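Open the model in your viewer and keep the selection panel at hand. The stops below say what to select and what is there.

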Amino acid sequence: MSRKSFATGLLAALSVASMSTALIAPATSLAQSSGSAGSLGSAGSTGSQSGPCNNFLGNFAPNSLGVNMTTGSLANAANSVAGTAASSIREFPRWITSDQGTIPVLKGATSVLQLVTGPTSPAKTDSTYNIYGTDLGIMFNHGNETMVMFGDTFGDCVPSGNDWRSNVMLTAQSGVPTDGLKITGARPKDNNGYAAALVQGAHQANGVGEVTVIPTAAISLGDTMYMRVMSVRDWNAPGGWNTNYSALVRSEDDGTTWEVLTDSMRRVTDFNKWNGSVDFVPPATPENLPPVDADGWYGMQMSAFVEHDGYLYEYMTPSGRRGPATIARVKIENVEDPDAYEWFAGGTTWADEPTGHEILPRPVEELSVSYNEHLGKFVALTSMASGVVSMRVANEPQGPWSPPQTLVDRRMFPNAYAPMIHPASITSDGEHLYYTLSTWDAYNVFLLRTDLSKFNFQAPNSDTHTVVESRVKVTDAVEAGVIDDEGVIDEQKLEEVAEVAPAAAEPAAEPAGR
């Protein structure tokens, strides 16, 4: 594909009234959720199917424009992208699309390498895998591949459907993603070759059962893949949601099929009406289910994994974005045995029962943890009030952890969340840290790179060591060939365009309830 034809196609996509897709996937139709969206209720005027395309607050009819005030999902914030020019069933994100859309010109420690998912992403995930919108991008190595796991995923939203899958997984080339993630396939696939759900949620109405099932951590141990999932019961106030349980899920065929390990379920409700396609081992009959312990398991619904010295360390937070983090560990060979876990009690003490000992103070949002050889320390990424990517370091998995250092703030990415570390960042290419970052306006996943040598983690502060020099209109960038045939942004050309035709700054609005 020539650059001219690529640019022409992109420019055609920028018409918000044309019902075509744009550089970053739309906050799909009508009143789209801000994040991994779930159903918010019964059918409305647009059809009988629940879900973000048809039935989010207000049930806006096709060809109408509704200001999106939904709070659902991992993003859980009012979406600010409703625009006065929209007249189709789609609503496009402001940040990098339409004639007002802009690209930030970043100078310093952090750069945006790639759009990983969505229309016009290098992998063309919309047409190839039916991934128009998704989030998270949890990454781990398995054999000679890097696996990339996503949360709630949507296809091409139309009034009759949205191809909602609670979670999907793509494969990518292993190694340091210096030139971006090279997506190689989807696993599992459906009969059309599209990315299929790993563990499909029941997609029941908000608050009455199970809205969706979201992966929160994943790892490969030997020949077996494991992920931790949370069963979402309801999306509620911004930054808040409630779960039915978290559970360990296993795949022994390279991610083609998955089975929930029944004994691993940390149940906080008596919900048992899950999707019939989900496989439980042993079968999830009333007599096989672990007892409900709302108080005991409340703080352990979302996770992050680290393998170290023969142990799997599991970092845990409550559902939502307001709780602290605790930690447990288990010998690798006993990872499927809930009774084999030890719980950190402070100092050098580990207990046989949950202790509730906090290793990171509240509020901790979606969390990713890895070891980094350049620093010789463990690193933890999460979003906080101080920045959409805040990083702490520690000498041991359990800490003590340093105060947070801001890598990305809201001037750089106004509406971002859930930084997830690339596994090659353990060694990487020296001092660079690679990670994915989701945005709730675009509802897609980006790949970022940060030069850690620019920071002093012994005395962390809020300085990102990155400035937004200016912003460039997408139309100007495309005409100048800033975005190549692979969807990668040429930073030098971007700067050249910015000198000639800088765009106005995007407002960095803090979402209500954060």
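This is a predicted model: local features need pLDDT of at least 70, side-chain atom pairs count only at pLDDT 80 or more; totals for chains, interfaces and linings use all residues.

Residues are numbered from 1 along each chain as its sequence is written, and side-chain values use heavy atoms, without hydrogens or water.

**Stop 1: strand S9**

Select 241-251, which is strand S9. Strands are DSSP runs (E, at least two residues), numbered from the N terminus. Of the 11 residues in S9, 10 are buried, meaning under 20% relative accessible area with a 1.4 Å probe, protein chains only.

S8 and S9 run antiparallel and are joined by 10 bridges; two strands count as paired if DSSP finds at least two bridges between them. Asp234 faces Asn242 across this pair. Five residues lie between the strands of the hairpin, where Gly239 has a positive phi near 80°.

Now show S10, 259-261, which pairs with S9 in the antiparallel sense over two bridges. Val249 has Val260 as its bridge partner. S11, 266-267, also pairs antiparallel with S9 over two bridges. Here Tyr245 stands opposite Arg267.

**Stop 2: the largest core**

Stay on Val260. Its contacts (heavy atoms within 4.5 Å) include Val199, Met265, Val278 and Phe280, leaving out residues up to four places away in sequence. Val260 is also among the residues that touch the most other members of the largest nonpolar core, which has 38 residues. Such a core is a set of buried Ala, Val, Leu, Ile, Met, Phe, Trp, Tyr and Cys residues joined through side-chain atoms within 4.5 Å. Which strand gives the most to this core? S8 does, with six residues.

Next, select Leu407, Phe413, Leu433 and Leu452: they belong to a second, separate core of 24 residues.

**Stop 3: the largest pocket**

Select Ile219, Phe305, Val306, Val369 and Ile426. Of the 25 lining residues, these lie nearest the centre of the largest pocket. The elements that give two or more residues to the lining are S3, S7, S13, S18 and S22.

**Stop 4: an open sheet**

Finish with the five strands S13-S14-S15-S16-S17, an open antiparallel sheet in that order. S13 (302-308) and S17 (349-351) are the edges, each pairing on one side only. Three bridges join S16 (342-346) to S17, and Trp343 stands opposite Ala351.

Definitions and conventions
Helices (H or I, at least four residues) and strands (E, at least two) are DSSP runs, numbered from the N terminus. Buried means under 20% relative accessible area, exposed over 50%, partly exposed in between (1.4 Å probe, protein chains only). On a 1 Å grid over the protein atoms alone, a cavity is a set of points where a 1.4 Å probe fits but cannot get out, and a pocket is an open set with protein on both sides within 12 Å along at least five of seven lines; lining residues have an atom within 4 Å of a point.
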